[in-house]
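Subject: Structure handed over, with notes

Dear colleague,

Please find below the structure that I promised to pass on to you. My notes on what was found in it follow directly after.

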Amino acid sequence: MHPRLLPLLGVDAIGTGTLGQTQCSDGKDNDGDGLIDLADPECTGPADNDESSYATGIPGDNIDACKQDCFFDGNSGMGDDGCQWQLQCDPKSTSSKCPFSQSFVDKHQMECSVSASQSQHCVDFCRKFVPNGCDCFGCCAVPGASTPIRLDPTCTAKDFGDPTKCSPCTQVTQCMNTCDRCELCVGKTTVPADCTAGGSDGGAGTPDGAPPADGGGGTPTCSGGVSCVPGPNAVCPTGYGCVTGCCLPIIP
């Protein structure tokens, strides 16, 4: 367990009935929207301490104007994860503090590569915590959005179509967890009716845009691990939490 999370998470916080102390693990509807913990679309993991938006609630987390580290590892800084993505590399970045810079890209082509910029340590460390549909840096393809959006502190599920709150972004494909047709993902709460447990995932997601949102009523699958139903009573192995229909490891 990461030292900063020791006071926040109870043992086996989500998925085994033991409650934690973060807003996304305490068994409460903290933002009053009728959804609890990881059933709430703004909760991206058991360490998330803000149920009302895609801010993590962790002091100092993801506030650098230009550099992003692993978005889902439950702490700020890149010292442990080895991940670093420069927003100046992103042609979709509209940040006034760190907009896209072609001159920066020309001088840092490897650093700006979406397929080769990250170390293997980053991929190995961060990728296992990434929800379906997102990359390591909180850039996610969501239904209803014409381009992937960043999980900004100003962003909520109802704001996916508002680029002033959920800024457009380019996904780092090297460190991405695609949302397959029969998987739940950020912003996608149902799967097509022909999806069945143990069946085929029905095809890959769309990393350059929103995942398919056709139909509903089917059983979600998890191509990368154990499937689960998000919520405070989700059933996952010890040490795992239910995020977008998949049992993902609680931060080590």
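**Disulfides**

The link of C222 and C246 is right-handed, with 125° about the S-S bond, and the sulfur atoms of this disulfide (a pair of cysteine sulfur atoms within 2.5 Å) lie 2.2 Å apart. Because C222 sits in the loop between strand 6 and strand 7 while C246 belongs to strand 8 (residues 246–249), the pair ties together parts that are 24 residues apart in sequence. C222 counts as buried at 12% relative accessibility, and C246 counts as buried at 3%, where buried means under 20% relative accessible area, exposed over 50%, and partly exposed in between (1.4 Å probe, protein chains only).

Before going further, please note that this is a predicted model, in which local features need pLDDT of at least 70 and side-chain atom pairs count only at pLDDT 80 or more, whereas totals for chains, interfaces and linings use all residues. Residues are numbered from 1 along each chain as its sequence is written, and side-chain values use heavy atoms, with hydrogens and water left out.

The structure holds 12 disulfides, and two others from that set are described here. C228 is joined to C242 (S to S 2.1 Å), and this link is right-handed with 95° about the S-S bond; C228 lies in the loop between strand 6 and strand 7 and C242 in strand 7, 14 residues apart, and both C228 and C242 are buried. C236 is joined to C247, again by a disulfide (S to S 2.1 Å), but here the torsion about the S-S bond is about -90°, so the disulfide is left-handed. As C236 lies in the loop between strand 6 and strand 7 and C247 in strand 8, the pair ties together parts that are 11 residues apart in sequence; C236 and C247 are buried.

**Fold and cores**

The chain comprises 2 helices and 8 strands, which run β-β-α-α-β-β-β-β-β-β from the N terminus on; these elements are DSSP runs numbered from the N terminus, with helices (H or I) of at least four residues and strands (E) of at least two. Of its 252 residues, 51% count as buried.

The largest nonpolar core has 32 residues, and those with the most contacts inside it include F72, C126, V142 and I149; such a core is a set of buried Ala, Val, Leu, Ile, Met, Phe, Trp, Tyr and Cys residues joined through side-chain atoms within 4.5 Å. The largest share of this core, 3 residues, comes from helix 2. Leaving aside its neighbours within four places in sequence, C126 is in contact (heavy atoms within 4.5 Å) with C70, C83 and C136. Apart from this core lies another, of 7 residues, among them L38, C43, C222 and V243.

**Salt bridges**

A search of the whole structure finds 3 salt bridges, each being a side-chain nitrogen of Lys or Arg within 4 Å of a carboxyl oxygen of Asp or Glu. R150 and D90 meet in one of them (3.8 Å, N to O), which links strand 5 (residues 149–150) with the loop between strand 2 (85–86) and helix 1, 60 residues apart; R150 is buried at 6% relative accessibility, and D90 is buried at 1%. D159 pairs with K165, the closest N and O atoms being 3.8 Å apart, and here D159 is buried at 8% whereas K165 is partly exposed at 35%. R181 pairs with D194 at 3.1 Å between the closest N and O atoms, and D194 counts as exposed at 53%.

With kind regards
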